[in-house]
Every structure is written in structure tokens, then in C-alpha cells.
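Here are a few exercises on helix packing and pockets. Keep the model open while you work through them.

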Amino acid sequence: MNVRTARTARPGTGGTGRRRSLLAGVVTLLVAMPFVWMVSLAFKSKTEVFSYPPKLLPDQPTLDNFAYVWNSTNIPGAMANSLIVATLTVAGNCVAATAAGYALARIDFRGSRLLFTTVLGSAMVPSIVQLIPLFLIVKGFPLAGGNDLFGQGGTGLLDSHLGLVLPMLVQPLNIYLARQYFLDMPGELAEAGRLDGAGELRIFWQIYMPLARPIVATIAILSFTGAWEDFLWPLVAVSSPQMQTLPLALSSFAGSGVTQYGPLMAGTFLAIVPVLVIFVAGQRHFVQGLGAGGVKG
């Protein structure tokens with residue numbers, strides 16, 4: 001270290017860095033410990049699950065819990081239902097939420113501010129408050145589930161994939177994020193497109209959307225995780241075992257006052273893997289989308 005470096009170096013910088021690293025390590029350990037314990041229980045036999053004192057690593061790892069979950073329960077069908085619901089939810093939000101966000105950000109029309117305020121206000125309403133209105137809307141959907149034109153006489157879209165998707169098809173938070181992202185993009189792109197005779201739909205799809213991959217990835221990840229992990233709405237809208245989603249199927253392991261910890265942890269591990277894969281695959285775009293759409297706006 002030369003004289004200039006010694007003069008400009010701040011005292012205690014090395015110690016502060018070590019303390020921050022230690023604090024980050026402790027926090028990471030606390031956050032990761034439940035996940036590690038879940039994975040450990042998933043590979044333990046029933047006797048090892050209740051052994052005392054408890055051990056972090058199983059003495060004899062086994063796949064019996066995974067075999068039981070996959071072959072003796074409705075977990076595979078529930079995963080398929082969750083995948084269908086999550087895929088439709090992602091598609092709806094990536095198309096409709098981005099289009100609505102673009103319109104609110106780049107198209108000047110009467111009532112746009114009021115409409116945006118309404119969207120923003122609806123995002124602040126707790127989901128539990130919306131439960132009964134959503135149930136009545138889905139149950140009274142016209143010409144579905146035995147209903148007549150006025151939504152009477154049947155069950156509507158209850159106990160169906162469309163009924164599970166409908167309340168999550170367009171989320172207000174995703175519209176807000178898309179609007180903030182498109183506000184940060186240059187308005188000259190739209191003006192150049194209009195001078196070339198392009199309509200708003202073409203400007204949105206061919207000019208702005210190729211540049212909006214980060215926010216689309218962010219909306220896709222948020223929509224997928226929200227639909228994949230949702231428990232309350234499927235609990236209300238589903239009545240048959242064949243239409244159960246993964247969270248509902250996992251709750252069956254904790255019924256009748258006896259919890260099957262090994263199969264429950266194995267099923268939970270299977271439920272977490274798709275979310276981890278999607279987040280890791282889109283992590284870079286996810287961070288860019290949140291930063292541009294949520295901070296700069």
C-alpha cells in the first residue's frame with residue numbers, strides 16, 4: 001500500500017466488511033434452515049422423522065416418501081391441475097397486463113388517470129374481502145355449468161380450470177408494474193412508429209414488446225408463483241378431488257389430527273422445484289424488471 005492509498009483508506013473498512021459478511025451469512029443460514037430441514041425430512045423414514053435427538057442428515061436416505069406421494073396419492077393430478085392454472089394465468093397476465101400497462105402509460109385518452117387510480121386502488125383491497133364477490137361471479141357465469149343466459153340454475157365455472165384461472169387472469173399489480181416500465185421507455189419510439197403509419201397495436205407489439213422482456217419475465221414469475229401457491233381460492237372454488245390443486249392435495253397429509261411429515265415434506269419439495277427452476281431461469285430479467293418498473297417510475 002503506497003502513501004496515497006494509506007491516506008485515502010477509511011479506518012475500520014476491513015472490520016466493517018467482515019461484520020457485514022458475517023451478518024449476511026447468519027441471515028442466509030436462518031433463511032435456508034427451514035428448506036434444508038424440509039429436504040432432510042423428505043428423505044427420512046418414519047422412524048427417523050421422530051427420532052430423538054433429531055438429526056439434520058438422515059442415517060439411511062430413502063425415496064419411500066416420494067414413491068408414496070407419486071403412486072398412492074392424487075399429487076400427480078393435482079400438479080397437472082396447478083400447472084394448467086399457472087400456465088393460463090401467466091399467459092393472461094403477460095398479454096393483458098402488459099397491454100393495459102402500455103395503454104395507461106403511452107396512450108392519452110380521457111379518464112386514463114381515473115382508470116389507473118381504480119386499478120391501483122383495487123390492488124390494495126385484501127383478497128379475503130374479494131372472496132365472496134368472486135365466488136358469486138364465477139358461480140353465476142352465464143351459459144356455463146348448467147347456467148342459463150342470466151347465470152341461474154347451475155354451478156357456473158366452479159370446480160373447473162377456467163373458474164380457478166378467472167380471478168387471477170389479470171392482476172392489478174402486474175398492470176402497475178407494466179405501466180411504470182413503459183413510462184420509463186422513450187416516447188420517441190411511439191412517435192416514430194406513428195409517423196411511419198403504424199397503429200397503436202403494431203407499435204405496442206413490434207416496437208415496445210421486444211424491449212420489454214424484463215417486465216414480461218417479472219410478470220410471468222409473479223403470476224406463476226401466485227397461481228402455483230394459491231390455497232384460499234381453490235379451497236372455495238373446488239369441490240371434487242379430481243380438480244384439486246397442489247396446495248389442496250398437500251393439506252390432506254395433515255388431516256384427521258395425524259400429520260404424515262415424510263410424505264408432506266416430499267410433496268412440498270416437489271411443489272417448490274418448479275418455482276425454483278422458473279425463478280433461476282428468469283432471475284436476471286426479474287431483477288431488471290422490478291428495478292426499472294418499480295423504482296424509476
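Contact here means heavy atoms within 4.5 Å. Bear in mind that this is a predicted model.

**Exercise 1.** Work out how α10 and α11 pack, and which residues meet.

Solution. Start with the geometry: helix α10 (residues 188–195) and helix α11 (residues 200–208) have axes 10 Å apart, at an angle of about 125°. Angles of 65 to 115 degrees count as roughly perpendicular and those over 145 as roughly antiparallel, so α10 and α11 are oblique to each other. Next, the hand: α10 and α11 make a right-handed crossing. Finally, the contact: α10 brings Leu189, Ala190, Gly193 and Arg194, and these meet Glu200, Ile203, Ile207 and Tyr208 of α11. Sorted by class, that contact has five nonpolar, one polar and two charged residues.

**Exercise 2.** Describe the largest pocket and its lining.

Solution. First, the volume of the largest pocket is about 640 Å³. Of its 25 lining residues, Ser127, Gln130, Pro167, Met168 and Gln171 are the closest to the centre. Then look at the helices: among those supplying at least two lining residues each are α6 (112–123) and α9 (172–184). Last, the lining comprises 15 nonpolar, nine polar and one charged residue.

Definitions and conventions: Residues are numbered from 1 along each chain as its sequence is written. This is a predicted model: local features need pLDDT of at least 70, side-chain atom pairs count only at pLDDT 80 or more; totals for chains, interfaces and linings use all residues. Side-chain values use heavy atoms; hydrogens and water are left out. On a 1 Å grid over the protein atoms alone, a cavity is a set of points where a 1.4 Å probe fits but cannot get out, and a pocket is an open set with protein on both sides within 12 Å along at least five of seven lines; lining residues have an atom within 4 Å of a point. Grid points are joined across faces, edges and corners, and a volume is the space filled by probe spheres set on the points. Helices (H or I, at least four residues) and strands (E, at least two) are DSSP runs, numbered from the N terminus. Ala, Val, Leu, Ile, Met, Phe, Trp, Tyr, Cys and Pro count as nonpolar, Asp, Glu, Lys and Arg as charged, and the others, Gly among them, as polar. Axes are lines fitted to C-alpha atoms, for helices over the stretch in contact, and angles run from 0 to 180 degrees between N-to-C directions. Angles under 35 degrees count as roughly parallel, over 145 as roughly antiparallel, 65 to 115 as roughly perpendicular and the rest as oblique. A crossing is left-handed if the near helix is turned anticlockwise from the far one by less than a right angle, and right-handed if clockwise.
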